[in-house]
Amino acid sequence: MNRNILNILIAGGAGYIGSVVTSLLINRGHSVTVLDNLSKGHRGAVHPDARFIEGDIADRLAVKRCT
């Protein structure tokens with residue numbers, strides 16, 4: 001089976017929905033980066049295999065660090 005592995009950015013990945021989506025994507029073999037400012041989310045909710053960057057989606061420099 002040929003699977004396409006994607007690099008995916010999840011903004012808000014430390015929140016409930018973002019953390020569930022991150023887990024599903026990682027379990028399917030994708031590479032996930034989580035960008036979250038932790039204003040409502042929790043660092044502990046981020047999947048251990050996800051790359052985590054603390055920052056805001058409105059901050060261009062934070063988004064640039066995700067690449």
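Guide: β1 pairs with strand β2 (residues 31-36) in the parallel sense, over five bridges. Two strands count as paired if DSSP finds at least two bridges between them. Helices (H or I, at least four residues) and strands (E, at least two) are DSSP runs, numbered from the N terminus. This is a predicted model, in which local features need pLDDT of at least 70 and side-chain atom pairs count only at pLDDT 80 or more, while totals for chains, interfaces and linings use all residues. Residues are numbered from 1 along each chain as its sequence is written, and side-chain values use heavy atoms, with hydrogens and water left out.

Within this pairing, Ile-8 stands opposite Val-32 of β2. The open sheet has three strands, ordered β1-β2-β3, with parallel pairing. Its edges are β1 (7-11) and β3 (51-54); each has a single partner strand, so one side of each is left without a neighbour in the sheet. From one strand to the next, the twist averages 20 degrees. Five of the six residues of β2 are buried, so this strand is largely enclosed by the rest of the structure. Here buried means under 20% relative accessible area, exposed over 50%, and partly exposed in between (1.4 Å probe, protein chains only).

Helix α1 (residues 16-27) lies across β1 and β2 and runs at about 170 degrees to β1. Axes are lines fitted to C-alpha atoms, for helices over the stretch in contact, and angles run from 0 to 180 degrees between N-to-C directions; contact means heavy atoms within 4.5 Å. The twelve residues of α1 reach 17 Å from first C-alpha to last, close to the 16 Å expected at 1.5 Å a residue. That expected span is 1.5 Å times one less than the number of residues.

The buried residues in α1 are Gly-18, Ser-19, Thr-22, Leu-25 and Ile-26. They cover an arc of only 125 degrees around the axis, which puts them on the same side of α1; the arc is that of the directions from the helix axis to the C-beta atoms. Their cover includes β1 and β2. On the face turned away from this buried side are the exposed residues Tyr-16, Ile-17 and Asn-27. Val-21, also in α1, counts as partly exposed at 33% relative accessibility. Val-21 is eleven residues from Ile-10 in sequence, and the two are 8.3 Å apart in space, C-alpha to C-alpha. Just after α1, Gly-29 takes a positive phi of about 95 degrees.

The loop between β2 and β3 contains His-47, which counts as buried at 15% relative accessibility. His-47 touches Thr-22, Ser-23, Ile-26 and Asn-27, not counting residues up to four places away in sequence. The side chain of His-47 also reaches the backbone nitrogen of Asp-49 at 2.9 Å. Leu-38 has its place in the loop between β2 and β3 too and counts as partly exposed at 24% relative accessibility. Although Leu-38 is not a glycine, its phi is positive, at about 60 degrees.

Conventions: Polar contact = N/O pair within 3.5 Å; in protein donor to acceptor, adjacent residues only side chain to side chain.
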